[in-house]
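This report walks through selected features of two chains. Please keep the sequence and the structure in view while reading.

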Amino acid sequence: MPDTRDALFRSLADPTRRAIFERLCRDGEQTVGALTARSGVSQPAVSKHLGVLKQAGLVRDRHEGRQTHYSAQLGALAPLVDWTSQMAGFWQRKFDDLEDLLKRMDQ
Amino acid sequence: MTNAAPETRSVVVEREIAFPPDRIWRALTQQHLIEEWLMKNDFKPAVDHRFNLRGDWGAVDCKVLAIEPNRTLSYTWDAMGLESVVTWTLTPTGKGTHLRMEQSGFRPGQGQAYSGAKFGWQKFFEKLEEVVAHAD
């Protein structure tokens with residue numbers, strides 16, 4: 001689905017927007033206020049970025065009282081992930097660790 | 001990744017290692033050694049033995065499928081919807097061992113498992129990268 005992928009790339013191409021998304025991935029669900037406090041841009045700008053991320057399916061919002069909480073939707077990144085190359089990288093690193101261990105092991 | 005046709009995926013990593021097969025075999029089959037290079041575990045070298053590999057980001061469910069000491073070891077590798085089989089093959093060479101790892105059995109055509117895997121593996125690798133980054 002090239003459309004989905006385009007939307008993903010577009011929404012993550014902006015560094016401020018990417019930083020917001022990365023913070024949600026790293027720190028979990030947060031309010032617009034909390035995101036604004038550390039983003040270096042105004043709250044309306046943060047809200048606008050969140051809107052774009054939401055359209056791409058990268059974030060979900062949840063209303064609670066007067067606050068809106070946003071959380072990252074990692075599943076939306078799936079089209080960007082190539083399982084085979086990811087796994088190959090994983091095992092290459094594990095082979096490195098295994099070789100290190102073999103050098104340390106008692107005879 | 002978006003095509004619906006059944007397809008078995010396979011990852012192969014091979015390396016020449018300057019140690020004999022029996023030494024590598026111990027690293028592949030002894031709990032405390034497996035933990036040092038792969039993950040915490042309750043592995044036992046017995047066919048049908050079920051075990052877990054545990055990282056900070058979650059667990060992998062495994063079952064031993066085949067064992068031939070110093071030659072081959074194979075177990076299932078199920079994590080967050082992904083079902084696959086990992087097979088190790090050790091072949092002695094003049095200078096040490098040719099070590100081969102093949103992970104296979106991932107079939108996007110399997111619908112639900114595939115959707116789960118797409119989501120699960122993304123998470124898996126996010127966490128993995130974090131762990132790797134912080135380990136340095």
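## Helix α2 of chain A

The buried residues of α2(A) are A:R17, A:I20, A:F21, A:R23 and A:L24. They cover an arc of only 155 degrees around the axis, so they sit on the same side of α2(A). The other side of α2(A) has A:P15 and A:R26, which are exposed. An α-helix has 3.6 residues a turn, so residues three or four places apart point the same way. The model is predicted.

## Helix α4 of chain A

In α4(A), the buried residues are A:V46, A:H49, A:L50 and A:L53. Seen down the axis of α4(A), these buried residues fall within an arc of 100 degrees, so they line one face of the helix. Turned away from that buried side is a face with the exposed residues A:P44, A:K48 and A:Q55.

The 13 residues of α4(A) should also span 18 Å at 1.5 Å a residue. The end C-alpha atoms of α4(A) are 18 Å apart, in agreement. Just after α4(A), A:G57 takes a positive phi of about 80 degrees.

## How α2 and α4 meet

Two packed helices are described by the angle between their axes and the distance between the axes. At what angle do the axes of α2 and α4 of chain A cross? Helix α2 (residues 15–27) and helix α4 (residues 43–55) of chain A have axes that cross at roughly 75 degrees and come within 10 Å. Angles of 65 to 115 degrees count as roughly perpendicular. α2(A) and α4(A) are therefore roughly perpendicular to each other.

Which residues make the contact? From α2(A) come A:T16, A:R17, A:I20, A:F21 and A:L24. They meet A:V46, A:H49, A:L50, A:V52 and A:L53 of α4(A). By class, this contact of α2(A) with α4(A) has seven nonpolar, two polar and one charged residues. Some of the α2(A) contact residues are also buried, including A:I20, A:F21 and A:L24. In α4(A), A:V46 and A:L50 are among the contact residues that are buried.

## Layout of chain B

Chain B has three helices and seven strands. Its elements run β-α-α-β-β-β-β-β-β-α from the N terminus on. Of the 136 residues in chain B, 40% are buried. Among contacts in chain B with a separation of 6 or more, 41% come from residues 24 or more positions apart.

## Loops of chain B

B:D48 is in the loop between β2 (40–41) and β3 (50–55) of chain B. B:D48 has a positive phi of about 80 degrees, although it is not a glycine. Is B:D48 buried or exposed? Its relative accessibility is 52%, so B:D48 counts as exposed.

The loop between β4 (58–68) and β5 (72–79) of chain B holds B:N70. B:N70 is not a glycine either, yet has a positive phi of about 65 degrees. With a relative accessible area of 32%, B:N70 is partly exposed.

B:R71 also lies in the loop between β4 and β5 of chain B. B:R71 is partly exposed, at a relative accessible area of 43%. Leaving aside residues up to four places away in sequence, B:R71 touches B:W25, B:W88, B:T89 and B:L90. The C-alpha atoms of B:R71 and B:D22 are separated by 8.7 Å, and these residues are 49 residues apart along the chain.

Definitions and conventions. Residues are numbered from 1 along each chain as its sequence is written. Chains are lettered from A and ligands numbered from 1 in the order in which they are written. This is a predicted model: local features need pLDDT of at least 70, side-chain atom pairs count only at pLDDT 80 or more; totals for chains, interfaces and linings use all residues. Side-chain values use heavy atoms; hydrogens and water are left out. Axes are lines fitted to C-alpha atoms, for helices over the stretch in contact, and angles run from 0 to 180 degrees between N-to-C directions. Helices (H or I, at least four residues) and strands (E, at least two) are DSSP runs, numbered from the N terminus. Angles under 35 degrees count as roughly parallel, over 145 as roughly antiparallel, 65 to 115 as roughly perpendicular and the rest as oblique. Contact means heavy atoms within 4.5 Å. Ala, Val, Leu, Ile, Met, Phe, Trp, Tyr, Cys and Pro count as nonpolar, Asp, Glu, Lys and Arg as charged, and the others, Gly among them, as polar. Buried means under 20% relative accessible area, exposed over 50%, partly exposed in between (1.4 Å probe, protein chains only). The arc is that of the directions from the helix axis to the C-beta atoms. The expected span of a helix is 1.5 Å times one less than its number of residues.
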